[in-house]
Amino acid sequence: MLHPRRAPGIDLINAQMLKELPHEGFQLLMYIFNAILRLDYWPTSLKQAQIIMIPKLGKNPTDFSSFRPISLLPIISKVLENLILKRINKDKNSHNWNPHHQFGFRQADSTVLQCHRKTDTINKVLEDQQYCTAVFIDVSQAFDEVWHPGLLLKIKKTLPTGYYNLLKSYLQDRYFVTKFNDETSPRFPFHSGVPQGSILGPLLNTLYTSDFPTSRKTTLSTFADDTDIFATHSDATIAALNLQDHLHSIKKWLQKWKMKVNETKSTHIMFTLRKGQCPPVCINQTVIPQVETVKYLGLHFDRKLTWKEHIAIKRKQLDHKTRDIKWLIGKNSPLSLENKTLIYKTILKPIWTYGIELWGCASKSNIAIMQRYQSKILRTIANAP
């Protein structure tokens with residue numbers, strides 16, 4: 001929690017300062033935290049965020065979309081949020097309000113585990129010679145568009161009574177300033193969304209989406225705001241109808257809770273070994289584009305689950321990254337073999353080993369692509385002929 005390298009918030013208090021507080025300082029901090037909990041009042045000074053604009057490489061600096069905003073919150077607020085989160089998990093087990101299809105922000109669940117769930121469904125469809133039609137939904141600004149009145153209603157229904165007033169104070173009257181280089185903007189209020197970079201933000205977002213519509217005829221999977229729906233059947237038309245019914249219920253939920261879907265960035269794909277095509281599906285009267293390959297949580301799924309596209313993309317990424325660090329691991333590098341190997345294991349190896357539990361069952365010809373790369377890079381590192 002108190003990582004010494006974490007950037008401080010607008011108050012310039014960092015983790016190292018808190019660690020070096022004397023006993024009297026910790027005692028005073030405890031008095032402040034107890035007063036906040038007793039009065040159900042979150043101080044305004046702990047609700048101000050500083051947005052740092054990080055420019056993206058190779059992008060037009062005059063376009064606002066060319067910057068990546070990083071939200072910095074006061075470290076004291078994060079410490080208190082962490083204590084409250086532990087108390088919430090102790091008072092009310094997260095399994096009671098966290099849906100089973102949500103793998104994000106849950107201990108022991110990971111992106112690969114969620115992808116394994118998808119892969120298992122697709123493999124069963126391919127083995128049974130069925131059709132699997134799937135939609136991967138792109139929710140526009142899922143964290144920034146959370147409707148505060150709706151979120152407070154769900155907090156009141158889900159969490160113990162004592163947390164409502166405190167979390168209401170936590171959400172209301174929040175402000176932010178934007179900083180770029182040495183320039184700082186005036187203060188602006190937050191009207192919606194959960195605080196980015198906060199400890200309680202993932203909990204609040206999960207509460208807000210915990211009643212996301214499900215269907216017995218489809219399989220829903222979510223990881224934070226990444227959402228996909230699978231419908232399987234021996235008849236392609238019936239599978240598409242089941243999927244479309246689920247999309248209708250999702251449309252109503254989105255309208256009720258004031259959230260939006262980016263229809264053009266959402267994708268529709270069919271997994272099958274049979275000939276034919278599943279009928280198109282739509283959301284908000286817009287037909288979702290059909291694709292042959294879809295990227296989900298860092299893995300690329302193709303129609304027949306051959307992993308050919310995934311391996312080809314990873315191979316290109318490895319080539320680009322290898323060129324960037326060739327001066328470190330090449331034959332002219334003064335580094336020792338041990339250090340070169342360490343760089344390979346730290347930078348290059350994670351690129352191709354991610355999700356190997358799933359794509360490792362690809363055909364020998366596809367696996368050989370990665371094997372040849374390993375032989376090539378290890379000869380380079382060892383300066384072998």
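Residues are numbered from 1 along each chain as its sequence is written, and side-chain values rest on heavy atoms, with hydrogens and water left out. Because the model is predicted, local features need pLDDT of at least 70 and side-chain atom pairs count only at pLDDT 80 or more, whereas totals for chains, interfaces and linings use all residues.

Helices (H or I, at least four residues) and strands (E, at least two) are DSSP runs, numbered from the N terminus. Strand β7 (residues 219-223) has four of its five residues buried, so the strand is largely enclosed by the rest of the structure; buried means under 20% relative accessible area, exposed over 50%, and partly exposed in between, with a 1.4 Å probe and protein chains only. Five bridges join β7 to strand β8 (residues 226-233), and the two run antiparallel, where pairing requires that DSSP find at least two bridges between the strands. Within this pair, Thr 222 stands opposite Thr 227 of β8, and in the hairpin, which has two residues between its strands, Ala 224 takes a positive phi near 60°.

Asp 228 is also found in β8, and it counts as buried, with a relative accessibility of 0%. Leaving aside residues up to four places away in sequence, Asp 228 touches Lys 118, Val 135, Phe 136, Thr 219, Leu 220, Ser 221 and Tyr 296, a contact being heavy atoms within 4.5 Å. The side chain of Asp 228 makes polar contacts with the side chains of Lys 118, at 3.1 Å, and Tyr 296, at 3.0 Å. A polar contact is a pair of N or O atoms within 3.5 Å; within protein, one must be able to donate a hydrogen and the other to accept it, and residues adjacent in sequence count only if both atoms are side-chain atoms.

**Helix α5**

The buried residues of helix α5 (residues 148-158) are His 148, Gly 150, Leu 151, Leu 152, Lys 154, Ile 155 and Thr 158. Their cover includes α6 (164-171), α7 (201-208) and α8 (236-256).

**Cavity and pocket**

On a 1 Å grid over the protein atoms alone, a cavity is a set of points where a 1.4 Å probe fits but cannot get out, and a pocket is an open set with protein on both sides within 12 Å along at least five of seven lines; lining residues have an atom within 4 Å of a point. The count comes to one cavity of 30 Å³ or more.

| Space | Volume | Lining |
|---|---|---|
| Largest cavity | about 140 Å³ | 14 residues |
| Largest pocket | about 1,100 Å³ | 30 residues |

Nearest the centre of the largest cavity lie Thr 209, Phe 212, Ala 224, Asp 225 and Thr 227. For the largest pocket, the residues nearest the centre are Phe 67, Pro 69, Gln 141, Asp 144 and Gln 196. The elements giving two or more residues to this pocket's lining are β1 (48-55), β2 (67-72) and β4 (175-180), and β2 gives the most, with five residues.

Note on methods. Points joined across faces, edges and corners; volume = space filled by probe spheres on them.
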